[in-house]
Amino acid sequence: MIDWATVPKTELHLHIEGAAPPDFIRTLAAEKNVDLSKIFKSDGSYVWKDFAEFLKTYEAACSVLKTPDDFRRLTEAVLDVSSANGVVYSEMFLSPDFCGGGDLEAWKDFLAAMTVGAQNSKAKHGIETRFISTCIRHFGPEKAVHTAKVTAATAGGLLTGYGMGGEERHLNASDFAESFEIARAAGLGLTSHAGEICGADSVRETLDSINVTRIGHGVRAIEDADLVARLAEEQIVLEVCPGSNIELNVFSKWADHPIVKLRDAGVPVTVSTDDPPYFHTDMTQEYRKLHETFGWGLTDFQAINREAMKAAFCDDETRQRIMAKFE
Ligand code: ADE
Ligand code: ZN
């Protein structure tokens, strides 16, 4: 029997606020005298029933994350869980919109605090972290341009990527092209959510209008064979989050998940958790489920992790050092 928790893993797609353990958010709410009881079920887990409600609960939970030190504590709490699940390299999505409301000087303080959190976690667990700053799609293109400028002004250190999350049904990727261009010019790696809630067209439109090397989810590309061939041809890396997809009903059961079909078609796939407590998962469970459902073993996971490190937004020394753990 393999102990899936101790198998070394990379994670490329993890929203820092979405990874906040419910107990952590409840503790902060109590410290700040904020009543957040409506976002928790009686068993203590987060309340939501569909994607739109998930985003609302997510933003309500974010409302108690107010200070840089809240985010330092959050970074360490999230990386404690990641480490306990065998993660050795983590890329986390952060957003200047949730850290100081988009103000550059405030964001500098938040980013510095999260960097301290990641350094503390590295000292404690050996885990390596990089940050991907994101704009929030449903906050609109103007805010996204501002977020990209704030991100570009602070690029470097652990902040190595730029991306977009949020309500995929809102506008087109092309509406956000300017913001991605600002981030690209600052030397940041680019990724965007697409093909999660919306279909294959959203992935195609993203590839046509933004110069991303990775797509967050992208799994609904499976609806279009030509697009799957293009992903393979262009070696666009998918940040696949199977447990998230099942919980959001993108696919009704694990056996229906297209990760194997995508991989077999030559598309580089990786495995992440997205917003683990919301989706009742962790990296150990994702690996166990992939093993149970599709028979994936250690060799498959080593290949997946090498693929992830090839696509990671980090320097080559780090890439090679972490890659060596998957040989
Ligand atoms: N923000 C946090 N989780 C997300 C998801 N799964 N899709 C889009 N935006 C998100
Ligand atoms: Zn996501």
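This is a predicted model: local features need pLDDT of at least 70, side-chain atom pairs count only at pLDDT 80 or more; totals for chains, interfaces and linings use all residues.

Visitor: What does the secondary structure of the protein chain come to?

Guide: Helices (H or I, at least four residues) and strands (E, at least two) are DSSP runs, numbered from the N terminus. In the protein chain there are 13 helices and eight strands.

Visitor: How is the radius of gyration of the protein chain read?

Guide: The radius is taken over C-alpha atoms, and the globule rule is 2.2 Å times the number of residues to the power 0.38. For 327 residues a compact globule would have a value near 20 Å, and the 18 Å of the protein chain agrees with this. The C-alpha trace spans about 50 × 45 × 40 Å along its principal axes.

Visitor: What share of the residues in the protein chain is buried?

Guide: Buried means under 20% relative accessible area, exposed over 50%, and partly exposed in between (1.4 Å probe, protein chains only). Buried residues make up 59% of the 327 residues.

Visitor: Which residues have the most contacts inside the largest nonpolar core?

Guide: A nonpolar core is a set of buried Ala, Val, Leu, Ile, Met, Phe, Trp, Tyr and Cys residues joined through side-chain atoms within 4.5 Å. The largest has 92 residues, and those with the most contacts inside it are Ile25, Tyr46, Met114, Phe131 and Tyr162. Helix α2 (residues 51-62) gives the most to this core, with seven residues. A second, separate core of ten residues includes Leu12, Tyr89, Ala312 and Phe326.

Visitor: Where is the place of Met114, and what does Met114 touch?

Guide: Met114 belongs to helix α4 (residues 104-125) and is buried, with a relative accessible area of 0%. Contact means heavy atoms within 4.5 Å. Not counting residues up to four places away in sequence, Met114 touches Ile16, Phe71, Thr75, Leu94, Cys99, Trp107 and Phe131. Met114 and Leu94 are 20 residues apart in sequence, with their C-alpha atoms 9.4 Å apart in space.

Visitor: Which residues coordinate the zinc ion (ligand 2)?

Guide: Donors are N, O and S atoms within 2.8 Å of the metal (3.2 Å for Na, K and Ca); water is not among the atoms, so sites may look incomplete. The zinc ion (ligand 2) is coordinated by His13 (NE2), His15 (NE2), His193 (NE2) and Asp274 (OD), at 2.1 to 2.2 Å. His15 lies in strand β1 (residues 9-15) and His193 in strand β5 (residues 189-194), so the pair ties together parts that are 178 residues apart in sequence. His15 counts as buried at 10% relative accessibility, and His193 counts as buried at 7%.

Visitor: Why is the arrangement around the zinc ion (ligand 2) irregular?

Guide: Four donors count as tetrahedral if all angles lie between 85 and 135 degrees; four count as square planar and six as octahedral if opposite donors are over 155 degrees apart and all others between 65 and 115; anything else is irregular. The four donor atoms here subtend angles of 88 to 170°, and the arrangement is therefore irregular.

Notes
Residues are numbered from 1 along each chain as its sequence is written. Chains are lettered from A and ligands numbered from 1 in the order in which they are written. Side-chain values use heavy atoms; hydrogens and water are left out.
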